[in-house]
Each structure stands twice: as C-alpha cells, then as structure tokens.
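Visitor: I would like to learn how to read the strands, helices and cores of a protein model. Please take one feature at a time.

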Amino acid sequence: MKLGVFTVLFAEKSFEEMLDHVQAAGLQAVEIGTGGYPGNSHCDLDALLESEKKREEYLEQVHSRGLTISAFSCHGNPVSPDHEFAKASDDVLRKTIVLANLLDVPVVNTFSGTPGDHEEAKYPNWPITPWPTEYSDILTWQWQEKLVPYWKEIGQLAEENDVKIGLELHGGFLVHTPHTMLKLRELTSPAIGANLDPSHLWWQGIDPVAAIKILGKENAIHHFHAKDTYIDQENVNMYGLTDMQPYGDVQSRAWTFRSVGCGHSIQEWSDMMSALRTYGYDYVVSIEHEDPLMSIDEGFTRAVTNLKSVLINEQPTDMWWA
C-alpha cells in the first residue's frame with residue numbers, strides 16, 4: 001500500500017508547491033481534483049487535453065518527486081434536475097476519463113448523483129424511507145430512468161479508456177451503501193466501483209471493515225479515502241444520524257468529520273488496513289482533510305502520523321510455518 005493525499009486541502013498552493021509539500025511529508029501519491037466540487041486548482045483539464053507537451057511536463061513534475069497520481073477527482077451530480085449543473089458535471093467527468101487514460105491514471109473518483117422526483121423537477125430528491133410508498137416509487141423511477149442509463153454510458157466510456165470509476169458512498173446520493181454500489185455495478189459495468197471512505201459509513205451505522213469485506217470480495221474497491229467521523233451519542237439522541245444542522249455546529253451535531261484517529265481508535269484503522277490487504281486492495285490510502293477542529297497542517301500531519309503507524313507497506317513473506 002501507498003500513502004497519499006487528496007490535494008484539494010492545498011488548493012492555495014501552486015502545483016509545484018503542493019507537490020513539494022507532499023513529498024516532504026513522506027507520502028507517495030497525490031489525488032488531484034479536475035473540477036466539480038473539488039475544483040481544479042492543480043489541473044487545467046482543457047489545457048492538458050489539448051497539449052501532449054504540457055501532459056509530459058505535468059507528469060515530470062509529479063514523477064521527479066517520486067510521486068504518482070492515484071486518481072483524478074471530479075465530484076458533481078451528472079443526473080441532477082438542474083440541467084446546467086448536470087451538464088457541467090457530465091462534461092468534466094467525460095474529459096477527466098479521457099485525460100486519465102492519456103496520463104495513465106487508473107481511477108476517476110466522483111459521486112453517483114441524485115435525480116429529481118420527476119422529469120420537471122427543480123431539485124434532487126434523496127428518498128431514505130420506503131413508506132409512504134410514493135418514496136419507493138420515486139426511487140424506482142430514479143434508478144430505472146436516470147441512474148442506470150447514465151452510468152451504463154459512462155461505464156462503457158471508462159472501459160474504452162481503461163479507467164476505473166470510484167464512486168464515493170456518500171449520503172445525499174443514490175449510491176451510498178455497499179448494496180447500492182454493487183447493485184449499480186451489476187446493472188451497468190465492472191468499471192464502476194467504490195472510492196471507499198469510512199467517514200460516510202460510520203454515520204450510516206455501517207462497519208467499515210465489514211464493508212471492505214463485502215466490496216473486496218467483488219473486486220469493487222477502486223480507491224480508498226482516509227477520513228474519520230466522531231459520533232456524539234448525546235446529540236444523536238436529539239437529532240438522529242440524519243442530522244441536518246450545518247457542519248459548523250460542532251457542539252450540537254450528531255456527527256462530525258475528523259482527522260484520522262480523532263473519531264475512532266488506531267486499532268480500528270489498523271483493522272481496516274488489514275481487511276484491505278486481506279480482500280485484495282493493495283493500492284493507495286488517500287488522506288482527506290475536513291476536520292473543523294484542526295488547521296489544515298495539524299489535521300494533515302495527524303493523519304499522516306497515525307496512518308504511517310498502521311499502513312501495511314511491504315509484501316508478505318512466504319508462510320514457512322504453514
């Protein structure tokens with residue numbers, strides 16, 4: 001396994017300054033935003049698509065520092081009823097897949113998206129209860145008419161470009177659990193898999209180690225994010241896990257994103273690394289920082305320190321004892 005970072009937290013640094021910072025921290029990989037919610041501070045998508053010389057120079061900057069690009073990320077909502085935003089999300093995703101092929105980047109991360117509840121809808125609708133039954137009807141329509149047709153097309157494009165898609169199992173989007181991940185994969189393409197982020201699993205009541213086992217058995221883990229979640233049980237009792245308070249209301253929120261080791265124990269993170277190795281994921285563990293209690297530098301440094309203590313770096317030796 002390699003340790004990397006989703007570089008959106010260093011958006012204020014130039015591309016070269018960001019790479020120098022990551023190299024100095026002792027990491028081996030970078031995950032770079034190409035547009036959508038993560039922005040494109042370190043990747044001019046159109047310029048790189050147009051120029052082979054710029055692509056060579058871009059990669060030289062990365063490789064000369066002993067780094068690799070683990071993934072490009074362009075999280076958006078390509079099936080949104082907001083047609084302008086859906087088109088923008090779709091355009092950047094398709095361009096990113098093509099660029100990933102040209103630069104030998106194996107994974108493109110994004111969200112599955114959430115449609116509206118009918119053709120004339122203005123806003124996305126995320127059903128989370130089967131009753132009253134109109135919610136079930138909406139969910140069936142969304143999958144049959146919007147989600148599956150779209151991802152069949154993108155899955156084919158990804159296969160043609162020898163790129164894997166990593167969907168983040170994120171609340172608010174139709175693919176948010178191991179079940180919905182595997183369902184979409186079965187109905188579309190094996191190029192569709194997970195960018196597994198345990199922070200979004202904990203607050204849904206899902207054990208990340210169990211999720212790794214479920215998805216790993218199907219070779220459906222394409223990338224891995226390292227971000228923690230603190231669950232405040234007293235606040236859960238008041239607001240529930242579908243807490244709608246702003247992320248900044250840390251004192252009263254039911255759950256809050258934290259740096260690695262600040263929400264769950266190092267033993268739990270060690271168990272996840274072992275499960276990843278056991279079930280065939282031997283790629284990059286990419287740090288994502290969204291901790292409201294720590295500065296970028298402190299949260300990043302804490303995550304690096306804690307993950308270096310549990311990451312499995314070397315290949316196992318022969319089992320001479322067996």
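Visitor: How many bridges join strand 6 to strand 7, and which way do these strands run?

Guide: As a general idea, strands of a sheet pair through backbone hydrogen bonds, either parallel or antiparallel. In this predicted model, strand 6 (residues 192-196) and strand 7 (residues 221-226) run parallel and are joined by three bridges.

Visitor: In what order do the strands of the barrel close?

Guide: The order is 1-2-3-4-5-6-7-10, eight strands with parallel pairing. On average, neighbouring strands of this sheet are turned by 30° against each other, direction ignored.

Visitor: Which strands does helix 8 lie across?

Guide: Helix 8 (residues 208-216) lies across strand 6 and strand 7, and runs at about 165° to strand 7. Helix 1 (residues 15-24) lies across strand 1 (2-6) and strand 2 (29-33), with an angle of about 150° to strand 2.

Visitor: Which residues touch the most other members of the largest nonpolar core?

Guide: In soluble globular proteins, nonpolar side chains tend to be buried together. Here the largest such core has 77 residues, and Phe72, Trp151, Phe224, Trp269 and Met273 touch the most other members. Helix 5 (residues 134-160) gives the most to this core, with eight residues. Another core, of five residues, lies apart from it and includes Trp203, Ala254, Trp255 and Phe257.

Visitor: What is Phe72 in contact with, leaving aside neighbours within four places in sequence?

Guide: Its contacts include Ile32, Tyr58, Leu99, Leu103 and Val107, and also Thr34, Thr96 and Asn109.

Definitions and conventions
Residues numbered from 1 in each chain as written. Predicted model: local features only at pLDDT ≥ 70, side-chain atom pairs only at ≥ 80, totals over all residues. Heavy atoms only, no water. Core = buried A, V, L, I, M, F, W, Y, C linked by side-chain atoms within 4.5 Å. Buried < 20%, exposed > 50% of the residue type's maximum accessible area, 1.4 Å probe, protein only. Helix = DSSP H or I, 4+ residues; strand = E, 2+ residues; numbered from the N terminus. Contact = heavy atoms within 4.5 Å. Pairing = 2+ DSSP bridges. Axes fitted to C-alpha atoms, helices over the stretch in contact; angles between N-to-C directions.
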